[in-house]
Amino acid sequence: MVTFLPSRPGRLADVPSFDRAIGGAESNVACTLARAGHTARWISRVGADGFGDHLLTAIADCGVDVSFARRDPLRPTGVYFRTAGDRATDGHEVAYYRAGSAASAMSAATMDLAAIRAGRVLHLTGITAALSADCLGLLRALTAPRPAAGRPLVSFDVNHRPGLWQRADDARVLLDLARGADLVFVGEDEAAAAWGITGGPDALREALPEPATLIVKRGAAGAVVYERGGRHTEPAPRVDVVAAVGAGDAFAAGYLSATLRGLPVPARVRHGHLWAAAVLTVPGDLAPPPSRAHADRLAALGTTAWETLHLGPGWTNATTADERAAEEVSTP
């Protein structure tokens, strides 16, 4: 969808103008992975309108294959407006205009399922499930059990957006979708809001034992990863946050990139944190990830150096004094 970012802080009613950008969790992940050198394909539907033109061009310019994205002559491209604050604060506003959009017409009958399943990883989010009954049916089909030979690694980011669900209880369908995935990303706070699950990461794992990998995101406190072999906790570096929107998508992209490269779990989580930090330190939903060499070097820091790492705006373009100091005190 097309995103409109406010020209200044304030209520939507008071912001006089907006800057156009691209948005959408799945396209954010695809663009970020492509910018990092991976092969990525984005499959969706957009309107046969100017906003659809803009989306396809902008996503393709990131290096993403959009050849399987379809144009809908009857439905418009979805759009949304947001204020400058963090989604987690009461003052943050988001106005979605997605009902009846081209993307809401996605279904198992209208999409090329073979093309969707052709990659090594299939990344889905709960946002799609909220757009329509047909979209929910598509995600159910894609997370249904299949022979291992005919199924990519299914990655599912819960991405609970209260504004897209008519009733709070409706979002419990996301729990069923997560149970059908191989790898699940979920925030501790969104699990409480969507499913009423509290009690920390272990309570979430108890509710979601099926996925081979469960990543519980805890914001500035880091993340906890559960795999068949056990539990791993990885703190997040300190980040000077400019805007929080899009950080979850970047975290997923960083984790998936490290997974595709065969890196161990601690490095996967650190790459997730670093890619999230790239977005946290810019005003938009999307930012180029750090170079592979830069991210690998930081991900290899010792425990003390990692826990004292401090990243601010512009950190992906240069080695900061904090990073140099962190390397000097690096310990296993």
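Figure 1. Rolling a probe the size of a water molecule over the atoms shows where empty space remains.

Figure 2. Helices and strands both take part: two or more lining residues come from each of α1 (25-35), β3 (45-47), α3 (113-116), β7 (121-125), α4 (126-129), α5 (133-143) and α9 (247-260). Which element gives the largest share of the lining? That element is α1, with 6 residues. The lining of the second largest pocket comprises 25 nonpolar, 12 polar and 6 charged residues.

**Figure 3. Six strands form an open sheet with mixed pairing.** The order of the strands across the sheet is β7-β8-β9-β10-β11-β12. Why is one side of β7 and of β12 left without a neighbour in the sheet? Both strands stand at the edges and have a single partner strand each, so one side of each lacks a neighbour in the sheet. From one strand to the next, the twist averages 15°. Helix α7 (residues 188-195) packs on the sheet and touches β8 (153-157), β9 (183-187) and β10 (213-217). The direction of α7 makes about 85° with that of β9.

**Figure 4. Strands β11 and β12 are joined in a hairpin through 2 residues.** Strand β11 (residues 223-227) and strand β12 (residues 230-234) run antiparallel and are joined by 5 bridges. Glu-227 is placed opposite Gly-230 of β12. Val-224 has Thr-233 in β12 as its bridge partner. Strand β12 also stands at an edge of the sheet, with a single partner strand.

**Figure 5. Asp-182 lies in the loop between α6 (173-179) and β9.** Which residues does Asp-182 touch, leaving aside those up to four places away in sequence? The residues touched are Arg-151, Pro-152, Leu-153, Val-154, Pro-211, Ala-212 and Thr-213. Among them, Leu-153 belongs to β8 (153-157), and Thr-213 belongs to β10 (213-217). Leu-286 is 104 residues from Asp-182 in sequence, and the C-alpha to C-alpha separation of the two residues is 25 Å.

**Figure 6. The predicted chain has an average pLDDT of 90.** A pLDDT of at least 70 is reached by 93% of the residues. Over residues 328-332, the pLDDT is below 50. How many contacts does this stretch have in the model beyond near neighbours in sequence? The stretch has 10 such contacts.

Terms used. Residues numbered from 1 in each chain as written. Predicted model: local features only at pLDDT ≥ 70, side-chain atom pairs only at ≥ 80, totals over all residues. Heavy atoms only, no water. pLDDT = per-residue confidence, 0-100. Contact = heavy atoms within 4.5 Å. Helix = DSSP H or I, 4+ residues; strand = E, 2+ residues; numbered from the N terminus. Nonpolar A, V, L, I, M, F, W, Y, C, P; charged D, E, K, R; others polar. Pairing = 2+ DSSP bridges. Axes fitted to C-alpha atoms, helices over the stretch in contact; angles between N-to-C directions.
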